[in-house]
Amino acid sequence: MFENLQVFENRYEELNLKLYDPQSAADRELYAALMKEHKEITPIVEAYRAYQGCVESLAEAKELLEETSEKELRELAQEEIRENSELLARLEEQMKLLLLPKDPNDEKNVIVEIRGGAGGEEAALFAANLYRMYSMYAEKKGWKTELVNLNETELGGFKEVSFMIDGEGAFSRLKFESGVHRVQRVPETEAQGRIHTSTATVAVLPEAEDVDVQIDPKDLQIDTFRSSGAGGQHINKTSSAIRITHLPTGMVVECQDERSQYKNKDKAMKVLRARLLAQEVEKASSQVAEERRSQVGTGDRSERIRTYNYPQARVTDHRIGLTLYKLEDVLNGALDEVIDPLIAADRAAKLEESQ
């Protein structure tokens, strides 16, 4: 099944020549496109070359085994056959994964929206915890975070918060975070020490470019207002906050983080484009048969995906049955131990579907 991979190797060599061509280097857009394609196919070519080398070594070892009667050489050949057979199996699985269709949004920046759900003030405080968790994870990854909009409660919780994360592969790592997150803990306001269950919803949207979503300016109603803090206190005396209503869908986006009206409008438009793109993707996905959907699930915001249990210091991801007793680490941004198994489960499901 890997005979056609020679096409990738030929293209890889062609790209190497083009990247060293002064004419390509002089064209920034062309050079960036060539570099992107080169980066995408390099892992496939490297795995294919390793596979070819392994096939040759295996053939040589089998030939040696057939031709020699010397005990030591036969033992050496048998050991090489065993080692290369195991390596060949691993490389085959690796190439199958590399050849799976990629999510075109994987390399995009993301817009994350977190809203307090069931549980009142405790849910809002949990939403603030989740914002901190994702901000710390982004910092560990070297990604840049930028606040878009924040609706804060008097006790420091977040009714809702939206923010952008700018970083290579951000969507590929965070797309499985969309859904309902549940917390079980004793609230600070609980006098009798009873454990309460609260929820917050997380939506992770790939940032949409102008070419991804066409928006007619006539379909927009843009209002300005004064930014306000918790309890309605005004934190800005000028009307720099922006509210954009997309009339055909009724979708409303607010941004009041920047002092500049122009910057707030720019951020709000990014959120609106991302939401409209997500809506289009959701419509298309709903037409796909249930058995062809990923077992992990990425977009159902009503799906309870994870529980954070404070008394047991436990984090459980319900989609893959993963349980870690590292609650504090996870809430401090150590999310890779949760995200890596989710990515592996998603790839395994897609691999099974493709066979």
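**Reading helices and a sheet in a predicted model**

Guide: In this predicted model, helix H5 is followed by Gly 142, whose phi is positive, near 80°.

Visitor: What should the 22 residues of helix H5 span, at 1.5 Å a residue?

Guide: Helix H5, residues 120–141, should span 32 Å, and its end C-alpha atoms are 32 Å apart, so the two values agree.

Visitor: Which residues in H5 are buried?

Guide: An α-helix has 3.6 residues a turn, so residues three or four places apart point the same way. In H5 the buried residues include Ala 123, Phe 126, Ala 127, Leu 130, Met 133, Tyr 134, Tyr 137 and Ala 138. Glu 122 and Ser 135 are also among them.

Visitor: At what angle do helix H3 and helix H4 pack?

Guide: Two packed helices are described by the angle between their axes and the distance between the axes. Here H3 (residues 28–67) and H4 (residues 71–98) pack at about 155°, with axes 8 Å apart. H3 is therefore roughly antiparallel to H4. Their contact has 20 nonpolar, five polar and four charged residues. The crossing of H3 and H4 is left-handed.

Visitor: In what order do the three strands of the open sheet stand, and is the pairing parallel or antiparallel?

Guide: Strands of a sheet pair through backbone hydrogen bonds, either parallel or antiparallel. In this open sheet the order is E6-E7-E8 and the pairing is antiparallel. Strand E6 (220–225) and strand E8 (251–255) are the edge strands, each pairing on one side only. Neighbouring strands of the sheet are turned by 15° against each other on average, direction ignored.

Visitor: How many bridges join E6 to strand E7?

Guide: Six bridges join E6 to E7 (residues 241–246). Gln 221 stands opposite Thr 245 in E7.

Note on methods:
Residues numbered from 1 in each chain as written. Predicted model: local features only at pLDDT ≥ 70, side-chain atom pairs only at ≥ 80, totals over all residues. Heavy atoms only, no water. Pairing = 2+ DSSP bridges. Helix = DSSP H or I, 4+ residues; strand = E, 2+ residues; numbered from the N terminus. Axes fitted to C-alpha atoms, helices over the stretch in contact; angles between N-to-C directions. Expected span 1.5 Å × (residues − 1). Buried < 20%, exposed > 50% of the residue type's maximum accessible area, 1.4 Å probe, protein only. Parallel < 35°, antiparallel > 145°, perpendicular 65-115°, else oblique. Left-handed = near helix turned anticlockwise from the far one by under 90°. Nonpolar A, V, L, I, M, F, W, Y, C, P; charged D, E, K, R; others polar.
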